[in-house]
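Subject: Structure handover

Hello,

Here is the structure I promised to pass on. Please open it first, then read the notes below.

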Amino acid sequence: MLSCTGNQKKTTHMEKGNETLVCMETTMGNITVKLYNETPKHRDNFIKLTKEGVYDSTLFHRVIKNFMIQAGDPQSKTATDTTTLGNGDVGYTIPAEFNPKFFHKKGVLAAARQGDEVNPERASSGCQFYIVTGRKFSEAQMVNMENQMNDARLETVFNTLARKHMKEIYKMRKAGDTDGLMELQDSLEAQARAEVAKEPALKFTHEQIQAYTTVGGAPHLDGAYTVFGEVVDGMDVVEKIENVGTNRADRPKIDIRILKATVIE
């Protein structure tokens, strides 16, 4: 297996616009990613953690076929076979850097994060990341997904508003005040629709549809997780990792480790 240093000549010619390359030497082969300059907070943080050795010896702890492979949990360095992984961090988050130019096509690098219910600003994990494998979609499926994602957006806003009235809701339920509950629900639905209407409805671009119907990816994640790079060499390694056997927690049954991550200067 080539080391990341040994792989440098093979990958540097792929660099565009002075984008930084990071090579991850894994137990299944090397994966080289380029980091987008348009997402500087995520780029600089990934470079910092790589140079500090944070990713060295970490596992790909969550692997889902036709979706993605995830790594970067510091706790995975010394994890046993039964250790629950995915909650490790470095003590901070990164503000979201959504850019419509970048979306979840196959091969992109993106930041993991906690869910909307505890993380409404959708801040990224300070260290955990995933590489998309995904699958291909038909144009009809893309249209259906647009509708589903717009409905989900409305539901998320409604649930956020409802949480602010939980004491009031519990009180009405306890008193059996059905009329009051219905009135509040109607009011919250109107507020949610007004809030959602402030921004255009989600609509996939021609570039997204072209990518998702030919290359594939995970379009349902667009606009919700920060994409900050992409694989430029070693996608075959990503696919090998994607196809390993996993347990009920989506953890590979064999340890797949990032032996060393290196910034290619």
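One definition before the findings: Ala, Val, Leu, Ile, Met, Phe, Trp, Tyr, Cys and Pro count as nonpolar, Asp, Glu, Lys and Arg as charged, and the others, Gly among them, as polar. By that scheme, the lining of the largest cavity divides into 7 nonpolar, 5 polar and no charged residues. Please keep in mind that this is a predicted model.

**The cavity**

A search of the whole structure finds 1 cavity of 30 Å³ or more. The space in this largest cavity comes to about 70 Å³. Its lining includes His42, Asn45, Phe46 and Tyr55. Ile94, Ala111 and Phe228 also line the cavity, as does the run Ser125, Gly126, Cys127, Gln128 and Phe129. Helix α2, residues 40-51, gives the most to this lining, with 3 residues.

As background, nonpolar side chains tend to be buried together in soluble globular proteins.

**The pockets**

Start with the largest pocket. Its volume is about 1300 Å³. It is lined by 40 residues. Nearest its centre lie Arg122, Arg153, Glu199, Gly223 and Ala224. Two elements give two or more residues to this lining: α3 (139-163) and α5 (178-196). Of the elements, α3 gives the most, with 8 residues. The lining of the largest pocket divides into 17 nonpolar, 11 polar and 12 charged residues.

Now the second largest pocket. It holds about 500 Å³ of space. The lining has 25 residues, and the closest to the pocket centre are Gln70, Gly86, Ala112, Arg113 and Gln114. β3, β4 and β7 (124-125) each supply at least two residues of this lining. What is the split by residue type in the lining of the second largest pocket? The residues divide into 9 nonpolar, 13 polar and 3 charged.

**Two backbone angles**

Most residues other than glycine have a negative phi. Two residues here deserve a look on that point.

Asn66 has a phi near 60 degrees, a positive value in a residue other than glycine. Where is Asn66 placed? Asn66 sits in the loop between β3 (60-64) and β4 (68-71). Asn66 has a relative accessible area of 42%, so it is partly exposed.

Asp250 also has a positive phi, near 70 degrees, and is a residue other than glycine. The loop between α7 and β10 (258-264) is where Asp250 lies. Buried or exposed, or partly exposed: which is Asp250? Partly exposed, because its relative accessibility is 25% and buried means under 20%.

**Where to begin**

Then go to Arg122 and Arg153, two of the residues nearest the centre of the largest pocket.

Best wishes

Conventions. Residues numbered from 1 in each chain as written. Predicted model: local features only at pLDDT ≥ 70, side-chain atom pairs only at ≥ 80, totals over all residues. Heavy atoms only, no water. Helix = DSSP H or I, 4+ residues; strand = E, 2+ residues; numbered from the N terminus. Buried < 20%, exposed > 50% of the residue type's maximum accessible area, 1.4 Å probe, protein only. 1 Å grid on protein atoms, 1.4 Å probe; cavity = no way out; pocket = protein on both sides within 12 Å on 5 of 7 lines; lining within 4 Å. Points joined across faces, edges and corners; volume = space filled by probe spheres on them.
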